[in-house]
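Thank you all for making time this morning.

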Amino acid sequence: MKIKNNISTKMLLFIMIPSIIIFAASIGYISISSQKIGYGDAINIVKTVDEEYASKIEAILNIHMAKVRTLSQAFKKYRVISLEQRKQIYPDMYEGVFEANPDFICLWDSWELSNIDSSYDKPYGRYVYEFYRDGNEIKKNLSYKSLDGDTPDYARLKKDKKESIEEPYYYSYTGKEEDQILETSLIVPLLDDNEFIGVIGVDISLDVFNDLINEIKPFDRSYAYLISNKSVIVAHPNKSYIGKTIDIVESEKAKKFNIIDKVQQGDQFSFTDKDSLNEKYFYSFYPIKVGETQSPWSIAIAVPINVITKQAKNNFYVSMFVGLLGLIIIVLVIWYISRSISIPLTKTTDILKKLAQGKISHTNKLEFKTKDELGDMAISVNILIDGLNSTAEFAKQIGDGNLDKDFKLLSDEDVLGNSLLEMRKSLKHAKQEEENRKIEEEKQKWTTQGLTHLGDVMRQNANNIKELSSSIISNLVNSLDAIQGALYILNDNNKSDIYYELISAVAYGRDKLLNKQFRKGESLIGRCAHERMTIYMTDLPDDYIKITSGMGTANPNCVLLVPLVLNNEVFGVIEMASFGKLERYQIEFVEKVGESIASTISSVKISERTAKLLAQSQQQGEELAAQEEEMRQNLEEMQATQEEASRKEFEMQGLIQALSSSCFTVEYDINGYITDVNDPYADYIGLPKDQIKGMHHKDGYDFNEEELRIYNHFWKELKKGITKKEVNKVNFNNKTLWLSETYTPVYDKEDNVYKVLKISFDITDLKLKAEELEKKAKEVEYDENQLKIKTDELEAVKQELMQKEVEQEKIIDDLKLKINELGLSSTKKGGKAVKDEKKSNKILTGEFLVEWNDDLVIGIDELDQQHKKLVDIANQLYVGFKKEKGKKEIKELLKGLSDYTSYHFSTEENYFKEFSYADAKAHIKEHQVFIKEITNFQNDFNRGKVRFLDDFMTFVKSWIINHFTNIDTKYVDLFLENGPS
């Protein structure tokens, strides 16, 4: 009895107490560890999601940057062609790229003027071509920028010579503040032997990232936001934060954790901090690196700490409760077991020892006869012995590889038996898995080899779309063991009729080939292209396809149609027919290879278009050589013109000498001081020339207040370039003189008045004689006959005086003509002639030749757009004249004016014919007058015979205003009734 009590006590002491301690420690350790692991897993989930979405955004931006980089590489081939040729080539290239990329808001390039024009020697100045969206309309713009120096941002691009993603900025393409959008620019430099020659870039809207950011919610109440390199918030659930910098929105947090510097360095980092509501959050930042730029962006995810730890805490509390309950149960069970088994323990020790040594035998069975627990124990031990023998035999059979051996469990709770059955099941499963793995490896190997082989085929035939298509469809038919195959390629040569055309087919009969074109939505081909989804059919109509051979005909069992999609654009459709059903991996193979085929087809089309443009550029190069020859001839004509000018200058010197001998000449500076006089004038007034120089024009005059006002107005008009003519009475050295004077402004090369030339004639004798005759006429007023005689004499004197004035004007006009011919003065005449007190019409003063306004609008959109374009070209020519652009650029502007004018006139004249316009003949004559004037001026300018341009520009301005506001308005009602509006 003592032994029994001792065993029970020992069991309680050595089993129950250590079990309690171990179980309690295990439960505590597992609970705490699970809490830490749960928190760590949650943090890892946040970082993984952060990395995943950073990769998505990075992929979007890199795709756009890759397209810009591709364009920059293509444009390098055209850097040597002229500006006019680029205007013809680039719009086609831009249009295709722009239409294929609806995410592009604006596509633009900027070329250094020094690279385009060899005569341009300034380190700044650039030519910019823009292609942008205005609603559903695509617009273009040509302009010159940085003519007075590079902007800081452009100077940075020029200095770095690296790809750039610009900081976000707000911009409106309509000019309206409410239409502003947040966007960024992706820019790639154009380099020639590491020399900067320009950039090409695209503008994309950043609104698209708001939807992506709002998707990011790895946990409840979590949120994400996107920031730029300079920490401008690009996308955020709180719309008011967008466009602001992180140091304004989260100033303390940005400073505390050095967020701005880490983002600029492209670091991945995280931290824990409280938000504005004092709630603790976990923040994870992951960098976004675009192309070869040096300004990475970053995406951040914020998750409340209590959300992360909530589940871990719940698990901890449940674990502690279960552990406590388990400890109580263990204490009870151990106590009960110790009491129950302590007595028969000794009797069963020998048998258990034998079993423990692996001595399993039927002779080791217990022979307890009792019906209580000890009997049950004996039965259980005996059953255990039988079960162990059976299990040992079953294990041996499994070891011999006999996995189909039957085995009977001792009970449903036979752990060892169930374990053996599970082991057998696992072995069977492992064997099946091995077989399945080998099958999958074969499928993967087949797919990889197929992709590699088709990649080689596409590279070998990348220059010919037909050979490429034939190779692709032939290899696909062979790879899939299909019996028929066809490849339909997108034909968008005619934008108004886009369809998918059969380019290559294998084993298709003549009837099938009769229909080679399908539009979107038409038949299965059109449906597949329209829906951008794979179509796999096994239940086919009897008349869908007939497979014909020498033995007869049959229907296929399945048909597969796969769209060739790249960047959401369908470039073609593959159609396959087979007797056997296609496996899923075979269909996925065709879908995978479809994108590569689409990319290759797109590249081949671009290459063919590029080759065509290159041929055009070569032809234009030949035309450029012809223009250079024409320039050489113009240079020879210019030299002849200079020799003619020298001869005329000699003639002018003779004319000036003759003029000096017959009249008085005085030169004044712009302030009215005498700078030079001729000898007759100095002798006439009786003063030396040195003493006269430096005198003011008003010296010798005696003005009252009103006369002084008129005198100042007189000089203001001279400074404006208005020729003045006066008869003045002058007192010099107590001598009273009467002079008939003509004042002519003289211009410098910048078209500014810098001096005034006065030519005068002495009419003192005539004036005195006229005064004397008038006096005598009054004295003999009583005698009508005498009065008549004196009056006649007076009239004769006046006639003589008028004759003198006419001769003086003729001399002045001849002198002006000679001065204009020799280029000594750029005095302009335009519009109606003005004499004496009236102003001359001088046009080269305004910013533009013609300001576009509502008076010029006729109400027909198409023609108003062309009118506005014509006015823009005329203004560009006008600005070119004002800024003294080079002859080459002026010739291009003249050619542009001539070409666009002809295009516009042909548009109107076609409508005249279509609508049977009654006044068409008179209207067309107006067109011919304008064309003839432009052509004549163009020929004269090319031969170097044009120096002053006011008359021509005045004609252009007057013609445009009169034609648009008067002539064109006559056909508006007819046009509105019949078509254009």
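Is the crossing of H23 and H24 left-handed or right-handed? Before I answer, please keep in mind that this is a predicted model, in which local features need pLDDT of at least 70, side-chain atom pairs count only at pLDDT 80 or more, and totals for chains, interfaces and linings use all residues. Residues are numbered from 1 along each chain as its sequence is written, and side-chain values use heavy atoms, with hydrogens and water left out.

The crossing of H23 and H24 is left-handed, a word used if the near helix is turned anticlockwise from the far one by less than a right angle, with clockwise being right-handed. Helix H23 covers residues 887–915 and helix H24 residues 920–942, and their axes come within 11 Å and cross at roughly 170 degrees. That angle makes H23 roughly antiparallel to H24, a term for angles over 145 degrees, where axes are lines fitted to C-alpha atoms over the stretch in contact and angles run from 0 to 180 degrees between N-to-C directions. Sorted by class, the contact of H23 with H24 has 12 nonpolar, seven polar and five charged residues.

Strand E8, residues 223–227, is mostly covered, since four of its five residues are buried, and buried means under 20% relative accessible area with a 1.4 Å probe, protein chains only. E8 pairs with strand E12 (residues 297–304) in the antiparallel sense over five bridges, where pairing asks that DSSP find at least two bridges, and leucine 226 stands opposite isoleucine 299 in E12. E8 also pairs with strand E9 (residues 233–235), again in the antiparallel sense, over two bridges, and here isoleucine 227 stands opposite isoleucine 233. E8 and E9 form a hairpin with five residues between them, and serine 231 in the turn has a positive phi of about 70 degrees.

Leaving aside residues up to four places away in sequence, serine 602 touches Leu566 and Phe571, contact meaning heavy atoms within 4.5 Å.

Finally, the whole chain: there are 26 helices and 25 strands, and buried residues make up 40% of the 981 residues.

Note on methods
Parallel < 35°, antiparallel > 145°, perpendicular 65-115°, else oblique. Nonpolar A, V, L, I, M, F, W, Y, C, P; charged D, E, K, R; others polar. Buried < 20%, exposed > 50% of the residue type's maximum accessible area, 1.4 Å probe, protein only.
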